[in-house]
Amino acid sequence: MNRRQVILDLKDLRTRFHIAEGTVYAVNGVSLTLHECETIAIVGESGCGKSVTMLSVMGLIPVPPGEIVSGQAFYRGRDLLALSEAEMEHIRGKELAMVFQDPMTALNPVLTIGRQISEPLRVHLNMDHATAQQRVIELLEQVGIPDPKNRMNDYPHQFSGGMRQRAMLAMALACAPSVLIADEPTTALDVTIQAQIIELVTRLRDALCMAVIWITHDLGVVAGLAERVIVMYAGLVVEEASVDELYDDPRHPYTLALLAALPRIDRRRDRRLKSIPGAPPNLLVMPHGCPFAPRCEFVFDRCRAETPPLLPVAIEHRARCWYDVVNGKPFE
Amino acid sequence: MTRYILRRLLQAIPLLFVISLVLFFLMQNMGDPIATMGGRNVTRSADRERLKRQLGLDKPIIVQYLYWLAGNDWAKADLDGDGIAETPGTRRGVLRGDFGLSLVNKKPVTQVIWERLPNTLLLMLTAEAMILIFALLIGIYSALKQYSTFDNIITTITFLFYSMPVFFFALVTMYIFAVNFKKWGLPYLPTVGMFEPTAGKTPLQVAWHMVLPTATLSFGFIAGYSRYIRSAMLEAMGQDYVRTAKAKGLPKPEIVYIHALKNAALPIVTIIALDLPFLLGGAIVTERIFGWPGMGRLFLDHVSRGDTPVVMGILMMIAVAVVIFQLIADILYAWLDPRIRYT
């Protein structure tokens, strides 16, 4: 059982985008909880709504075309979705910080790294120039940038991809936030740099006792990093469990399929990886029934008629499925 | 950087030579300066011959160009027009800073231009300031409120203004603010000149007379630039780094005016730097309509009388300005965008 205090409590979040082709149902009722100093991972394929969920919480969805239809996001008891833009400005970057996927485009090309990192310090902590500069040097040192005193005057194009992501991290950590949202921070980096960044985040998380939400499509990354995993599909949470439980005892057919698609070092080399048949759902139509039904190998009549609720299947383990994969028959 | 600037300036020299040569040859087709010298009377053919020899127009074009460029103090000129070149020439040539005398009024070209340049600069710099202020305000605001009522209205109006001919706009404003305002007994705007002769050339008079010409000069550019700024800002505001800035909790003005505008400034600087030098040449249509004694009218008056020295003087001034403003734009790029480096 988790005895730590809940820091972020997301309740039934629904986000849509109104575009020329119609309405995109991006997030369709996501609830999740995050405890202090806890790391959770949100896993799912591209377009499953994992990024949109967290961008909604941060208030970074462009409105229009986006619209948060319903839901609450309680951060230490305050509903972030009900706050005004001015109130959110005090929370963004100070309490909740975010690191983005592509460090090539997420940093402003015409401002120095030092300036970009010092901005949250100036805005949230009212630091004067000299103090902020000193803090920027410390932060860059903390994330492992060599010679920070000189490198802080560099522009993003003078940094390598890995260094830019480190700088992004330094920027996010500037005000020592309680929650760090990492939106696929390693996707654009090569594998060795990826490992370094993960190691860095783990170290900083432990040092600062920071809660981390790690968004990824890579189940392999999750194992050594997160305590709990949330699997998303078509804007819905389909399974939620601790990391060990999820790997050892997956209950949702989608999770099963994802794990089967993962190359593993302990399996025979000549075995082919299994891909999931079909394509991700078209989110322009509100899913009727279970969204995974068209691609599911266990599908039966009920799946197409009713969307299953997120049901507890074990201790601290929930899955959104009508079929009991352990016993090989539908639930009662 | 200094090396880069020096190299660019050196590269400009052959370019200016070619420009001057082409312009000089084209000028030979702009009309006969002698035809209008007699005023209303037809010039007798004997006098024509004499005038041609006195002005050196009987020489081959390439020799005329050479005299214009390098002067004729090393050759003999036929000042009395009797067909024998006996007097030493006095022209020192453009290369030595002598642009020659106007064929129309015998005044030095530099003096003729200097008499008009301040008037044009006054009008043009005021117009340019108006253009930049309003274009930036309108462009940024309508980018931030994309597809709002304000944006839709302003986009339609700028489109209309952008496609409206200058003379039409000038006449419409004259009709409304001068003709009709006078008829309705309202304070009306003047339409001709820089000041009332009875009131004298006071700053207030000049400012009052500048209202309509400035508005006429500005409206098309405001419309064009604001559309340009709007699209540059829209592009910048959609970039990932703007989202990052927002995720940091920066206040909106800082996101818009520092993170987005500094990136959007690059294409804006380009068009402004390309347009600025042409302000020196004055606005031919606007100055003509409002009787403004500027460079545009000077150019028109002298080009129609085939006054090669004055026309060449004006055109070369614009050519040099184009070269210099291009260089300034390139230096501004490097200052705005650290990814650009010159060696």
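Reply: Two strands are said to pair if DSSP finds at least two bridges between them. The model discussed here is a predicted one. In chain A, eight strands form an open sheet in the order S6-S7-S8-S3-S9-S10-S12-S11, and the pairing is mixed.

Me: What makes strand S6 and strand S11 of chain A edge strands?

Reply: Strand S6 (96-99) and strand S11 (311-314) of chain A each have a single partner strand, so one side of each is left without a neighbour in the sheet. From one strand to the next, the twist averages 25°.

Me: How do you know that S11(A) pairs with strand S12 of chain A?

Reply: The rule asks for at least two bridges. Three bridges join S11(A) to strand S12 (residues 317-319) of chain A, so the two strands count as paired. They run antiparallel. Within this pairing, Pro312(A) has Arg318(A) in S12(A) as its bridge partner.

Me: Which strands form the antiparallel open sheet of chain A, and in what order?

Reply: Four strands of chain A form that open sheet, in the order S2-S1-S4-S5. S2 and strand S5 (78-79) of chain A stand at the edges, because each has a single partner strand and one side of each is left without a neighbour in the sheet.

Me: What joins S1(A) to S2(A), and how many bridges lie between strand S1 and strand S2 of chain A?

Reply: A hairpin joins S1(A) to S2(A) through two residues. Between strand S1 (residues 6-19) and strand S2 (residues 22-35) of chain A there are 11 bridges, and the strands run antiparallel. Ile19(A) has Gly22(A) in S2(A) as its bridge partner, while Thr15(A) has Val27(A). S1(A) also pairs in the antiparallel sense with strand S4 (residues 66-75) of chain A, over eight bridges. There, the bridge partner of Leu8(A) is Tyr75(A) in S4(A).

Me: Turning to chain B, how do you know that the length of helix H1 agrees with its number of residues?

Reply: Helix H1 (residues 2-27) of chain B has 26 residues, which at 1.5 Å a residue should span 38 Å. The end C-alpha atoms of H1(B) are 37 Å apart, which agrees. H1(B) also has a kink of about 25° at Ile13(B), shortly before the proline Pro14(B).

Me: Why is H1(B) described as hardly covered?

Reply: A residue is buried if 20 or more other C-beta atoms lie within 10 Å of its own. Among the 26 residues of H1(B), the count of buried residues is two.

Me: Why are H1(B) and H12(B) called roughly antiparallel?

Reply: The axes of H1(B) and helix H12 (residues 308-336) of chain B cross at roughly 150° and come within 10 Å. Angles over 145 degrees count as roughly antiparallel. H1(B) and H12(B) are therefore roughly antiparallel to each other. The crossing of H1(B) past H12(B) is right-handed.

Me: What makes H9(B) and H12(B) roughly antiparallel to each other?

Reply: The axes of helix H9 (residues 252-280) of chain B and H12(B) come within 8 Å and cross at roughly 165°. The cut-off is again 145 degrees, and H9(B) and H12(B) are therefore roughly antiparallel. H9(B) passes H12(B) in a right-handed crossing.

Me: Why is Gln326(B) called partly exposed?

Reply: Gln326(B), in helix H12 of chain B, has 16 other C-beta atoms within 10 Å. A residue is buried at 20 or more, exposed at 12 or fewer, and partly exposed in between. Gln326(B) is therefore partly exposed. Gln326(B) and Thr270(B) are 56 residues apart in sequence and 8.5 Å apart in space, C-alpha to C-alpha.

Me: What makes Arg272(A), Asn126(A) and Tyr147(B) exposed?

Reply: The cut-off for an exposed residue is 12 or fewer. Arg272(A) has 5 other C-beta atoms within 10 Å and is therefore exposed; its place is in the loop between helix H11 (253-260) and helix H12 (301-305) of chain A. Asn126(A) has 9 and is exposed, and Tyr147(B) has 10 C-beta neighbours inside 10 Å and also counts as exposed. Asn126(A) lies in the loop between helix H4 (113-125) and helix H5 (129-142) of chain A.

Me: What is the phi of Asn126(A), and what is the phi of Tyr147(B)?

Reply: Phi of Asn126(A) is near 55°, a positive value in a residue other than glycine. For Tyr147(B), phi is near 65°, likewise a positive value in a residue other than glycine.

Note on methods:
Residues numbered from 1 in each chain as written. Chains lettered and ligands numbered in written order. Predicted model: local features only at pLDDT ≥ 70, side-chain atom pairs only at ≥ 80, totals over all residues. Axes fitted to C-alpha atoms, helices over the stretch in contact; angles between N-to-C directions. Expected span 1.5 Å × (residues − 1). Bend = angle between axes of the 7 residues up to and from the residue. Parallel < 35°, antiparallel > 145°, perpendicular 65-115°, else oblique. Left-handed = near helix turned anticlockwise from the far one by under 90°.
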